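Please open the model in your viewer and keep the selection tool at hand. The stops below follow one another, each saying what to select and what is found there.

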Amino acid sequence: METIKVRVTEIQQLTLGTRLFELRSESGSDLPPFFAGAHVNVNVPNGFVRSYSLCNSERERDRYVIAVNLYPASRGGWRCMHE
């Protein structure tokens with residue numbers, strides 16, 4: 001599985017417990033193509049790896065967009081993304 005270094009370029013608070021994250025390639029190049037329903041694995045800073053559905057149009061190759069819910073019983077992945 002290919003690892004792609006990305007940076008978070010925007011965070012939007014959608015609801016009290018849901019944030020939208022925009023991810024772009026660190027190099028500024030286009031990201032690999034994807035299809036509706038695709039998932040990406042995200043290595044979060046605390047060492048967890050979590051899988052998130054891509055929310056944006058597959059025609060947008062310059063970014064990936066994921067929505068992350070904060071669950072009260074989170075073991076750390078969601079919580080780390082929200083903090």
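Begin by selecting β1 and β2, which pair in the antiparallel sense over 8 bridges; strands here are DSSP runs of E with at least two residues, numbered from the N terminus, and two strands pair if DSSP finds at least two bridges between them. The model is a predicted one, in which local features need pLDDT of at least 70 and side-chain atom pairs count only at pLDDT 80 or more, while totals for chains, interfaces and linings use all residues. Residues are numbered from 1 along each chain as its sequence is written, and side-chain values use heavy atoms, with hydrogens and water left out.

Staying with this pair, follow the hairpin that joins β1 to β2 through 2 residues, and then pick out Gln 12, which stands opposite Leu 20 in β2.

With the 3 strands displayed, you have an open antiparallel sheet in the order β1-β2-β5. Its edge strands are β1 (6–15) and β5 (64–69), each of which pairs on one side only. Neighbouring strands of this sheet are turned by 25° against each other on average, direction ignored, where the axes are lines fitted to C-alpha atoms and angles run from 0 to 180 degrees between N-to-C directions.

Now select Ser 25, which is found in strand β2. Is Ser 25 buried or exposed? Ser 25 counts as buried because its relative accessibility is 7%, the limit for buried being under 20% relative accessible area, with exposed over 50% and partly exposed in between (1.4 Å probe, protein chains only). Its side chain makes a polar contact of 2.9 Å with the side chain of Ser 27, and another of 3.5 Å joins the side chains of Ser 25 and Ser 29. A polar contact is a pair of N or O atoms within 3.5 Å; within protein, one must be able to donate a hydrogen and the other to accept it, and residues adjacent in sequence count only if both atoms are side-chain atoms. Not counting residues up to four places away in sequence, Ser 25 touches Lys 5, Val 6, Arg 7 and Leu 31, contact meaning heavy atoms within 4.5 Å.

Finally, move to Asn 56, in the loop between β4 (49–53) and β5. Asn 56 is buried, with a relative accessible area of 11%. Its side chain reaches the backbone oxygen of Arg 63 at 3.0 Å, and a polar atom of that side chain lies 3.0 Å from the backbone nitrogen of Val 65.

Notes: Helices (H or I, at least four residues) and strands (E, at least two) are DSSP runs, numbered from the N terminus.
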